[in-house]
Every structure is written in C-alpha cells, then in structure tokens.
4 protein chains.
Amino acid sequence: MKAAILGATGYTGLVLTRILTDHPEVSQILPVSSSRAGTPLLEADPGISEDTLAKSTEAGGKLMSMDELLEAAPDVVFSGLPHLKSAEICAPFFGRCPIIDLSADFRIKSHALFEKAYGVAPPRPDLLDQAVYGLSEWNRNLIRKADLIANPGCYPTGTLLPLLPLTAAGIIEPEVAVTALSGISGAGRSAKVNNLFVERSENMNAYSPGKTHRHATEIQTQIDERSPGYDILFVPHLIPVKQGMAITSVVKLKTRTSDEQIEAIFRKSYDGEPFVRIQRSGIPETRQVRNTNRCDIGWHRDGNRLILFSVIDNLLKGASGQAVQNMNIRFGYPETAGLRRTGEF
Amino acid sequence: MKAAILGATGYTGLVLTRILTDHPEVSQILPVSSSRAGTPLLEADPGISEDTLAKSTEAGGKLMSMDELLEAAPDVVFSGLPHLKSAEICAPFFGRCPIIDLSADFRIKSHALFEKAYGVAPPRPDLLDQAVYGLSEWNRNLIRKADLIANPGCYPTGTLLPLLPLTAAGIIEPEVAVTALSGISGAGRSAKVNNLFVERSENMNAYSPGKTHRHATEIQTQIDERSPGYDILFVPHLIPVKQGMAITSVVKLKTRTSDEQIEAIFRKSYDGEPFVRIQRSGIPETRQVRNTNRCDIGWHRDGNRLILFSVIDNLLKGASGQAVQNMNIRFGYPETAGLRRTGEF
Amino acid sequence: MKAAILGATGYTGLVLTRILTDHPEVSQILPVSSSRAGTPLLEADPGISEDTLAKSTEAGGKLMSMDELLEAAPDVVFSGLPHLKSAEICAPFFGRCPIIDLSADFRIKSHALFEKAYGVAPPRPDLLDQAVYGLSEWNRNLIRKADLIANPGCYPTGTLLPLLPLTAAGIIEPEVAVTALSGISGAGRSAKVNNLFVERSENMNAYSPGKTHRHATEIQTQIDERSPGYDILFVPHLIPVKQGMAITSVVKLKTRTSDEQIEAIFRKSYDGEPFVRIQRSGIPETRQVRNTNRCDIGWHRDGNRLILFSVIDNLLKGASGQAVQNMNIRFGYPETAGLRRTGEF
Amino acid sequence: MKAAILGATGYTGLVLTRILTDHPEVSQILPVSSSRAGTPLLEADPGISEDTLAKSTEAGGKLMSMDELLEAAPDVVFSGLPHLKSAEICAPFFGRCPIIDLSADFRIKSHALFEKAYGVAPPRPDLLDQAVYGLSEWNRNLIRKADLIANPGCYPTGTLLPLLPLTAAGIIEPEVAVTALSGISGAGRSAKVNNLFVERSENMNAYSPGKTHRHATEIQTQIDERSPGYDILFVPHLIPVKQGMAITSVVKLKTRTSDEQIEAIFRKSYDGEPFVRIQRSGIPETRQVRNTNRCDIGWHRDGNRLILFSVIDNLLKGASGQAVQNMNIRFGYPETAGLRRTGEF
C-alpha cells in the first residue's frame, strides 16, 4: 500500500512519516513538499531512520512534487496542508483514492458557520457533503465507507471525547466551560515571531477566547449535530511545551446523578476502545500520552459540578495519529496498526 | 531599618533578599536559615551582588541563626517558612516588631476551615485574631496598623483581584469557575520527585481540583467575608515555567450589564493603583509581569458570560513582592519603594 | 522469555519497561521495586499501556519484590539500581541468568581507579573480572558470551563512539578536550533540590570538570585499554532538556591527514552499524536521536584540528537502549529488536 | 538627557528600553521602529510600565519614525538594528551625538576580515577608523572619548573577558579551544522556523564551528590586536534557554604556572570592576547573571590544562547592558548607573 503525505515537512507531516514508517500495511511512503521537492528526506528531516528510507524508494528517498505524486498513484492521501489550501490541492485525488484531510477545510458543513470561523466560504463546497468528520470513536461506521475524511482539530478531539458521552446521556446542564492548554506545535511550523522559543519560554497566556477561536465553532457544531441545546464556552491557552494538550471542562449535573452513573456512562462509551482510557486514580498528565494516540480521561466531582480532565498529544490523537486510526478503519486494518499506546514518563 | 528574612534560602526568601537589596528604606538585611546558619551568603546564593553584601554587614555576609536574629533586634520580620512551622517560629517577635508571614498560618480565621484545609488546628490561635489578611489593594487601611500580616497565597491573590470588584458590585451569578495555571516555583524549594525538571518539562496537568486545594478555602473565605453567597470552583494546573501564574475565571453576568459598567467597576477599584493594570487590548501574558509586583487583568465577554484573565508572578505579587508592598504600607513608605513594575518581553 | 528490571521506577527502569513492551522476544516483564512492591504498574507509571500489562501478567500487573523475583526465575536481569548498591543486589542471579547492570559497579576493573572515582572499593571484586564492558559496537564478540555485562555510562558512550576510531587509527595527538552537554535525566530520579525544575529552567552550567567526574575515569580507562597514551580532558554541562546528550570533542590531527582518510576511518568502524550514523551534511542535533538508540556523529575540520560532534539520547543509547542492544547480542536476537531508530523532529 | 533606541522592538531594543527606564540620568527615551512607527508602546511591549511611559512623553508614548527622531535631536543613539543595515541608518547622527552601535558593522577594522565574516565589504568604511570597540573593561579610556562605539558581540564578550588576562600575561600556549553555549535570544527576533519553540525545546546542537561563525573572526581580531600569536578554535551551541550564555575555554599553561599566579593575574585585571566577578567556589551558572550586566568567571586546573568558565546574560553584558555601561563611561556617569548586578536564583 502506498500512502501519500502532502505537506510532509510540516509538523503533522513529520509525525505521519514516523507513524507510517512503523505501519505494517504501508509499503511505500510518498512524501510531498511543493516548496522543497527534490530535497533528500534525510536532509529535510534528520530524525528519520533507514527504516523510513526503505519505505520511500519510489520517491527516491526525496521529497516529491505534486506532479510526481499524481504519477505515483497513491492508495491513500493524507493532507497536512494549511487550511484554505488543502481542499483545492487534494481535490484531484477525489474519486481516485481515499483522502484524509487534516486541515479544517471539510470539517464544518454549514457554509455560514464555516465563513464565520474562517472568514471565507468553504473552499470546495461541491465535496463538502461527502466528507465524514473523522472522530474515530464516534463516527467509525461512516469512516469505514468514506472517501473523504475531515480529520478533527486537536482542541475538538480533546474536548469532544469527554463531553459527548455526557451530552448524549442528557445528564448535564446546557452551559459548559472548557479551558484548554495547548503545546506550541498546535500553531504549526510557519515562521511567526509569536511562536519563537524566546516568546514562549517562561510564558503562558489565554488567546482567542469564547467564540473567537475557530475550533470553538467546530466543537459547537459537533455537539449541535448530536445533542442540540448546549452552549460551549471555549478558552484556549498557549503553554511552553512542544507536544501536549490538557483540557479541563466544567459542567453542571442536571439531576441527582450518582458517581456510578457517570462511571457507567463513560464505560459504555469507551470500554474496549484501544485509544481512550478512563483513569480513576489521579489526574491525567500530558506526558503520559506524549507520542501516543491515546486520550486519557479523568473526572472529579464537586457537589453538582463535574470537572472533566482530558489529555492528548495534539499532534497524535489530535492530528496525525487519529488520521492513521481513520485510515485503519477505512481500510479494515486493525485499528491500532502502526500506532503507539505507550507514553512518556 | 533592619529587615529579617526567616527561611532566606527558600524561593520566597531568595526573592525577598533581592527586593530588599533594592529597597531605599532598608539599610540592613538579616537573612536567617536554621539549617545553613554560618554559610556565606554568596555561597548560598551566587545570584546576589555586592549590593546585597553591603546591606548584610550586620549578618557578617552570612546566613544567621534564630538566636543571632533575636540579638539583632529587627524592625520587621518576613517569614518565608513552611506552613505549620512559621507561626510558632515567628511568635517571639510578636509585640517587638511587625511580622509579615508568607505562610498560610494566619490566613484563615475559622478554626474549622483551617483544619479542613490543613488537617490540623491553626498553630497559634492566640494570635490569629490580630492577623490582617494582606491583600494590599483591599485591606490597605487595616494593614497600616497591623502588627501581624498574613500575606496572601499566590492563587488567592491572582484570583481575588479580578473577582472582588465583581462580587462587591453584585453583578454576577453565584457560580464561578476558576482555572489557574502556575509555574513550578509555587511548590516551593523542597526536594520532591514530582517537581524535578524531568517530571515537569514537556508536561502539564491539573491537580487538587475543587475543594481539595488549600487555596480554595482561602479564596472562598475571602469572598465570603466580603460578599457572601458565591460558590467558587477552583482548578489549579502545573505548568513548566519557573515563575508565573495565569488565571482564567468564568462568571455569569446576573443582569443586563453593559461593557461600560464592567469597565467602570474595574476602574473604580483599580484606577490609580500602582500594581494593578486593567488591560483593554490583547490578553495579558505571564511574561509581561515576570519579576514585577504587577497584576494585569483583562476580560472578554461572550454573551452573558464574562471571562476574566489575570496574570501575576507567583513569587512577587503572589508572595514576596506583595509582602514588601505590605511593609511599605505598614511603615508609611511610598507603596512602590523597592518594587519593580517593568516586566519581561 | 522473561526479563526482570531491578529499579523499575527509576528513569532507566521506566525506559526499559517501554522498550521491552515492544520487544518481540520478551513475553514477560518482571518489574521490581523494593520500595514500592505491590503497587499497580499503571499507578506507578500512567504512561504505560495495555501492551505492557499484557506482558506483566506473571507480576500480576504490579511491581514485584526481590523475593518474588527470585521465585519467578527470570531469563535475564537488567539492573537500573544506583551505583554501589547494584552489584550486591544483582549478585544472587549470577550463574542463573545473564545480568546487564546499568550501574557503574562493574565498569572499571582497576580497584584503584574505581576507588578514586567512587570513593570506595568496588562492591563485588569477585565478579569484576567476569564483567564485559557493554559498548555494543566495540565489544560485540565478548558480549555474545558474557554473563555479566557492565552497561556503559551515557557520557562514555557518547564520547567513545566518535573517539575510538581515531585513537585506534593513531592519527590524533595525545591531548583531547571533550565538552559534554547532558539533559537532566542523566542525574537520575532521586529528589535533589539542584535538579528541581525551578533550578534548571533558564539555567546551564559546567560541573565536575576534568578528573573530578566519575565518567572521566571510565572514559580514560576504556581509551587506555585499547590505545594507551591519550589524555582526555572531560567537561560536562547540565542543560535544561529532559533527554538528550550532545558531545563536542576537539582533537588535533597528528600528521597530514586528509578528509578522505577521516571519512574512511569512520566508515570502516561504523558502516553497516544499525545504530551509528555518520552524518556528512549539517551538524547532528539531539532531537533527531531522542527516544532512539542511535548515535549520530558529525565532524568539522579547522586546519589541523578536528571537531567531533556526537549526539545520543542519554537514556537510550546512553543507558537502557544499549542495555537491550546488549541483550539482543547476548541472546542472538536481531540487534535492532525492540529498539527504535526514528527520532523526533 | 535623551536616549534614542533604533530597532526598539528587537530583543536588544526591548532590553535597552528597560535599562534606560531605570537609568537616573536619562529623562527621555526615544524608541524608533521603522516598521511599527505610531504604535503605542504599551501595545508593542505590554511588559513595560508607567515608569517607561513617563520617560517617553516626547515620543507621545509611541514608537517613532526615523524622521521624527531626527527632529527630536537625541543626546545619544543606540542602534539595535541588524548587521549591514545599522551603519547606514546610524550615519546621519555621526557628529551630532555619540552613537553606540550594537550591530557588527563597526567591530572589525580590517576590510578583508569583515568581508570574510560577513560576505560583503564593511558598509561604512569612512567611519570605521573612528569606531572604538566597546569592551568596557579593556577599552575604557578610548570609550571615554569615542563618538562611535562598536558594541561587542555576546560571544566575544563572554570569551574575551576570561581570556584576555591570560593572553596578556603570556602564560598560555597558542592553541585555545572555546565551547560556547547560547540561549536562543542570541539569534534575534526575526521569524525563522529554526528558532521556533517547537524546534528548540528538548533540543541542543553545535552550529557554525571553527572559523565559520562570524564572532570567531571578531574574537580572533581582538586577541590579535592585543597579543598576537594565539589560535582560537570557537564552537558555539544553541541551548533551549531564553537568555544566558556559558562559555567553557580550554587553554594549556605554557610554563610552570602556580594557581596563585593565575589568581593574581585575574585579580589584577578585574579587582574593583563592578561587573566582573572572579568566583572561587563552585562553577558559575547562567541563572546567577540573568538580567544583570555581570560576567562571572571561574576556573579549574587539570594538570597543565586550565579550564575557564564564564557566564553572562547574552542580552545584557552581551549586548544592551554593556551598551549602557559604555554610555555611562562616555558621559562620565557612574559606571553602574541603571544597571542591575543582582541575578536570579
């Protein structure tokens, strides 16, 4: 099987390269970079090993151009391209092979909401209806048949996984407050002064609060589709770590809900899930899921308020890891193929 | 004027040494360390300069013992000692000179609440009634006459400063959710595996949520004393920075409150305050108050919910800086004497 | 195959657990902790996954005691115990199964030199002669037959790999200056104020220079054994990263050596080695080997002086990774089994 | 006195703003930014305080344009502009007021060497001869009368201060090996992928070794001017800290030099210097000079080799701090005016 990576030198592309190197079903990696086509892989990314080179013989151990990729006829295309560019560049592959788009271009079906969040109309409205939102644990059946998978954002993944069981069960009040802490890699690899080491080290801050963050719309949309009536207040923060996301959500229990009921609701949603862990002892830390595709969820009750804790690696379960999980689902591979579950200490 | 520092080699002690070195009214610094008495200052703390040594001639440029301090007859005593030890060790100075205690020993007047938070009875109940809670901007008149100042905790300082104007004005609903992010120095300088560099780098997590953190009791107590009826949910997080604290509080506006009213409420509380800045453009970042005694406050409205952002340096306005501000108030010095207001970039 | 890990909650133990989880030949992991025996693995180390639990059924998913381990009859014992304790605790397994000791207890054969470095006599002189120094690429034949492998220190591994080809070839002058930069995990997991996050963040410094660092003796000993006559000056530095080691060595070329000769010398030593990469473009960075068992080596010539650059992950190739590489050699497994070669970006 | 800052939003400009805010002789700060002229200071730099605004009334609390600066007639001009741009932009002020240029444009008098290091001819050869190299401790008499001060680079400052006493005394062999570790702010505030937080966190590496770094030429030039015959090998490294520089130099003692002689040589050079500390106990760490204008120097002898340790804050003594020290010298102010000597812990 041949897997193409558009935007292979961005952070999600670099992670995809690593995962696909370890993936037992992928025999060829086709890494594409329009700006650096022809550059030897090992020069662009000295972290890779001979194991990656052994799977990129068709690319000649180099970054490919789009033209070369079209020739190469991939079996699946991952796009790690920026929002508003990805849809257009991926489009030629539609109908040829499944596309897993890590950008936001196909995540929001409502034209109005997309425009509110991104400032312009959705780039390829013609394909929008066929896109399946790739939150693996909740859309598995649709993903199985999808040819266009809109891979979720990192904040939405980390927020929705603990929330959806509760909104679905209808046990919480409409107002939800989500505080999210993200590592800097969430901002991507473009050269911005605000993301320089010097600006971020020994620094932290909230940004784009409430409705002003694009992911707030994505989260609200997903909740609305499944369980209308909730009002999500979302406040993201930038934290000086490379990879990692911790989300703390405060909800109010609607009725006299027992701890056992909460436990049962989570168990029902996630028992047997290979990448979601319900942690009952201690509070999850981001290091324990770093470099894994896991989402670990904990909670603490304070009277009738419930605090939810969820941690993911924003580049793995929040991006490239879930993308490969979706590929596994789509192609009928074991869902854990190529994906790590063991985190750091 | 002679200023004593008990616990001079802890983080708050090290910061006090720096501030008092720059303080125009302090002529002698008397640094005390029971475990390291006799050690040259420059060896215990190579960061200090000749400027500090010039002010520690009476201590012989060395760390002093408690016995030596009693001889030296300080004009003010700062205690950077641990909770449950500080009160007892400070007590001999009561009646001799003003005491500014940075520990929690005198912060909570209710024996029951103290015991709930700290697991034991307040260590010196006989002195408790005379202690004034040293939140400078709100207790200035009491501090002026106090001989025992209970210097506030870092989380309470950063939480109360943005909240008190709103609870006092009575414009918010009872339920408040506070998410606090703290640098690691908040945990003190004791050797614990959990605070090693390796455990904290590339890691973040919530801890002691809801009523389980001791500072939750301190915050609730202060709100209750001034404006009963609010229920504060407090969720602290550990973040890999050395110094810095960012607090994001979500409140619900009770009535049709205009932005102008909110602005006016904050202006009324803090206009002219040298160490509180109401920031209307952008969201405060912790670096901008690092190494200063400032608290910068911003807010964002999302419908009828209001998000409050506050940043302090946990060791300055959250500890040693406010302690010196309180000394300035108590002794009638200019309130900014010795205290920096210019932060990092 | 059953692999025991003594000191399973130390940093090298935590890394061993991860590697052995992925190792195709290891069916049972026996994790031992004398201080925390009986604690569930998942509580002691929330980073592990179901994959580890599936391999620790014999331990009941818990940390074992030494007595339980003796019962369990491991096929190999890894010791991540501290220096001066490890030898004694490992000794009962000698003759029963191969022992791979990550401590320094068996690394230096000379009693005098050991005592100079560690302040006391070697703890088990009776076993010392049978120990093989486990620098995989240079002692492979001895390791194959060894029952006691003294796994090298991190600094020695990172220093010797680029130096040994040159000292063996006899093309450099006797005086060598080695500057080594180490992440904080090199100091182990014991609770020391000097390794707290607050002490290390935004800080760096040299320490134990010249002959005063214990690893200087280990390096000198290894050079002396193979190519006597060199004088290694070693200066280590502490750097605020979790994992990683960068070593810069300055040597003087003895005769008119061409670049091609240098290249050929390195190629001869390391061509075909799965874990040593000679990098000819750019200078190696530590991130590219993070979480891998690789050592990447580069060099730059400046007249008749040659600067050598080597990077390893101090916990992998510098400790637990090389330990498993040695197990692979000893048991005749493929040398790369269970070991990652793909680094971070 | 009016002090202008060209490039006020770069890292050296931001630090200059802070120092001059505290400087007792500076009454007006004139901050210039060609790209952001007209922006309120507080918006461009929320770290500053009312204290800075009180000194920027003439600039209207805003960033100025070059035209406005020419009108304002400053008494001194600091330039934090980039190399190859600074000289040209500063030139109009020559003859009007002293210029302190923090760029490299006037540091190297030899046209050939400048061209070798910077790839082009020196930008203003006509002014070059009048420039004085601003290494304060060694050129004080020249600086007193200079109208054009070429402020030294950070690496040269940190390298030359420990080396010059030894080369001047003639007690070391010609070959010197310098390993330098720099925080990321040394790379300036321009948006480069390689300096993003994500690229630098958990990473370190050597770069531009030997003659390939521009500062190597600057160092060699200064040594040659004073004591010809030494060959400096310079190897810089990038370290994940915001501010800080640690330099480890290895020299060989030429003759039987006693420790007392070494001590005496350093004492002779630096006794009484307010910003150079000879540290005899322990090894200097960068935190102890963070945010100060100090250079702390230690050494360790290993046989006939001597290891020199020096630490500075690359933005202070390595840039803006020394620039103000030079202003103090030039204008006859106390040399420590406005400059901090107390570091972090």
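Colleague: Which residues of helix 9 of chain C meet which residues of helix 11 of chain C?

Modeller: This is a predicted model, in which local features need pLDDT of at least 70, side-chain atom pairs count only at pLDDT 80 or more, and totals for chains, interfaces and linings use all residues. Residues are numbered from 1 along each chain as its sequence is written, and chains are lettered from A and ligands numbered from 1 in the order in which they are written. From helix 9 of chain C come C:Tyr155, C:Pro156, C:Thr159, C:Leu160, C:Leu163, C:Leu164, C:Thr167 and C:Ala168; from helix 11 of chain C come C:His215, C:Glu218, C:Ile219, C:Gln222, C:Ile223 and C:Arg226. This contact (C-beta atoms, placed from the backbone, within 7 Å) divides into 8 nonpolar, 4 polar and 2 charged residues. Here Ala, Val, Leu, Ile, Met, Phe, Trp, Tyr, Cys and Pro count as nonpolar, Asp, Glu, Lys and Arg as charged, and the others, Gly among them, as polar.

Colleague: Why is helix 9 of chain C called roughly parallel to helix 11 of chain C?

Modeller: The axes of helix 9 and helix 11 (residues 214-226) of chain C cross at roughly 25° and come within 10 Å. That angle makes helix 9 of chain C roughly parallel to helix 11 of chain C, since angles under 35 degrees count as roughly parallel, over 145 as roughly antiparallel, 65 to 115 as roughly perpendicular and the rest as oblique. The axes are lines fitted to C-alpha atoms, for helices over the stretch in contact, with angles from 0 to 180 degrees between N-to-C directions. Helices (H or I, at least four residues) and strands (E, at least two) are DSSP runs, numbered from the N terminus. The crossing of helix 9 and helix 11 of chain C is right-handed; the term applies if the near helix is turned clockwise from the far one by less than a right angle, and left-handed if anticlockwise.

Colleague: What makes helix 9 of chain C roughly perpendicular to helix 13 of chain C?

Modeller: Helix 9 (residues 154-169) and helix 13 (residues 316-331) of chain C pack at about 100°, with their axes 8 Å apart. Helix 9 of chain C is therefore roughly perpendicular to helix 13 of chain C. C:Cys154, C:Thr157 and C:Gly158 of helix 9 meet C:Lys317, C:Gly318, C:Ala319 and C:Gln322 of helix 13, a contact of 2 nonpolar, 4 polar and 1 charged residues.

Colleague: Why are helix 1 and helix 13 of chain B called oblique to each other?

Modeller: The axes of helix 1 (residues 11-22) and helix 13 (residues 316-331) of chain B cross at roughly 45° and come within 9 Å, and the two helices are therefore oblique to each other. Helix 1 of chain B passes helix 13 of chain B in a right-handed crossing. B:Thr12, B:Val15, B:Leu16 and B:Ile19 of helix 1 make the contact with residues of helix 13 including B:Leu316, B:Ala319 and B:Val324.

Colleague: Into which domains is chain A divided, and which helix gives the largest share of the side of domain 1 that touches domain 2?

Modeller: An automatic or database domain assignment supplies the bounds: domain 1 (2-152 + 317-331) and domain 2 (155-314) of chain A. Their C-alpha centres lie 24 Å apart. The contact takes 20 residues from domain 1 and 24 residues from domain 2 of chain A. On the domain 1 side, helix 6 (111-118), helix 8 (136-145) and helix 13 (316-331) of chain A each supply at least two residues, and helix 13 of chain A gives the largest share, 6 residues. That side divides into 11 nonpolar, 5 polar and 4 charged residues.

Colleague: What makes up the contact between chain B and chain A?

Modeller: Chain B gives 34 residues and chain A gives 34 residues. The elements giving two or more residues to the chain B side are strand 7 (175-182), strand 8 (205-206), strand 9 (231-238), strand 10 (245-252), strand 12 (295-302) and strand 13 (305-312) of chain B. The chain B side divides into 17 nonpolar, 9 polar and 8 charged residues. Because 100% of the interface residues of chain B are also interface residues in chain A, the copies meet through the same surface.

Key: Contact = placed C-beta atoms within 7 Å.
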